[in-house]
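Subject: Handover of a structure, with notes

Dear colleague,

I am passing this structure on to you, and I would be grateful if you could read the notes below with it open beside you.

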Amino acid sequence: MIPVIVMNAILVFITVLLLVAERYLVTYGTCRIQVKKDQETREISVKGGGTLMSALVDNKVEISSSCGGRGTCGYCKCRVVEGGGEILPTEEIFMSRQEKADHMRLSCQVKIKRDITIIIPDFLSIVRQMVINRKFDPNKRWRVTIR
Ligand code: FES
C-alpha cells in the first residue's frame, strides 16, 4: 500500500511542477489573430498560450460550440490558414480527409503560440441563403466548400 501512495504522490508532484513551469516559464508573448468571417477581416491581439476559441470568445467573435470547448462536439471548426501547427489526434475524428487537406481545425484545440490567420465559415448564413433561394433540399446530401 505504501509504494502506491508514494508513487501517486510523486506523480502529483510532477504534474504540479509541470503546470507551474508552463504557467511561469513558458511565454508566447502577444500574438495577433487575423480573423476572416463574412467577407470581413478583423485583427485581434491576445496573450499567447490560451486556446484559439477562448481568444475568439473573449473578443466577441462568434463561433459555434455545444460542448463549451471540451473537444467533444466538433462544431467549432475553422480554417487555420497560417500559424496553427499540426492537427491533433483529438481533432482527427471530427475531420474528413478533405477538411484535413483544407487545414480545418477545432478552434478549442488550437493553442495560440504565434500569429495566426483563420477563416471562420458561417454555415448558418450559407444555409439561410440556400433556404431563401429555395436551393436547400433536406432530403439531399449537400456539401459546403470554404475558400
Ligand atoms: S467546442 Fe466542441 S469541439 Fe470545440
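Predicted model: local features only at pLDDT ≥ 70, side-chain atom pairs only at ≥ 80, totals over all residues.

Residues are numbered from 1 along each chain as its sequence is written, and side-chain values use heavy atoms, with hydrogens and water left out.

Overall fold

The protein has five helices and five strands, where helices (H or I, at least four residues) and strands (E, at least two) are DSSP runs numbered from the N terminus. Read from the N terminus, these elements follow the order α-β-β-α-β-α-α-β-β-α. The radius of gyration is 19 Å, well over the 15 Å that the globule rule gives for 147 residues, so the protein is more spread out than a compact globule; the radius is taken over C-alpha atoms, and the rule is 2.2 Å times the number of residues to the power 0.38. The C-alpha trace spans about 70 × 35 × 25 Å along its principal axes.

Of the 147 residues, 28% count as buried, with buried meaning under 20% relative accessible area, exposed over 50%, and partly exposed in between (1.4 Å probe, protein chains only). The protein exposes about 10800 Å², of which carbon and sulfur atoms supply 55%; accessible areas come from the Shrake-Rupley method with a 1.4 Å probe, and for residues only the protein chains shown count as cover. Among contacts (heavy atoms within 4.5 Å) between residues at least 6 apart in sequence, 54% join residues at least 24 apart.

As for charge, the mean positions of the 23 positive and 15 negative charges are 3 Å apart. Here Lys and Arg count as positive and Asp and Glu as negative, while His and the chain ends are not counted, and the place of a charge is taken as NZ of Lys, CZ of Arg, CG of Asp or CD of Glu.

Salt bridges

A search of the whole structure finds four salt bridges, each defined as a side-chain nitrogen of Lys or Arg within 4 Å of a carboxyl oxygen of Asp or Glu. One of them joins the side chains of Arg-32 and Glu-43 (3.3 Å, N to O). Arg-32 lies in strand β1 (residues 30-37) and Glu-43 in strand β2 (residues 40-47), so the pair ties together parts that are 11 residues apart in sequence. Arg-32 is partly exposed, at 42% relative accessible area, and Glu-43 is partly exposed as well, at 45%. These two residues and Asp-115 are linked in a network of salt bridges.

Another salt bridge pairs Arg-105 with Glu-91 (2.9 Å, N to O), linking distant parts of the chain, with Arg-105 in strand β4 (residues 104-106) and Glu-91 in helix α3 (residues 89-92), 14 residues apart. Arg-105 is buried, with a relative accessible area of 4%, and Glu-91 is buried at 0%.

Lys-77 and Glu-99 also meet in a salt bridge (3.1 Å, N to O). This pair links Lys-77 in strand β3 (residues 77-82) to Glu-99 in helix α4 (residues 97-101), 22 residues apart. Lys-77 is buried, at 14% relative accessible area, whereas Glu-99 counts as partly exposed at 21%.

Single residues

Beyond its neighbours within four places in sequence, Lys-77 is in contact with residues including Ile-63, Phe-94, Met-104 and Pro-121. The C-alpha atoms of Lys-77 and Pro-121 are separated by 7.9 Å, although the two are 44 residues apart along the chain.

Ile-63 is placed in the loop between α2 (52-58) and β3 and is buried, with a relative accessible area of 17%. Not counting residues up to four places away in sequence, Ile-63 touches Met-53, Leu-56, Cys-76, Lys-77, Cys-78, Ser-107 and Ile-120.

Two backbone angles may deserve a look. Lys-60, in the loop between α2 and β3, has a positive phi of about 60° although it is not a glycine, and Lys-60 is exposed, at 73% relative accessible area. His-103, in the loop between α4 and β4, likewise is not a glycine but has a positive phi, of about 65°, and His-103 is partly exposed at 48%.
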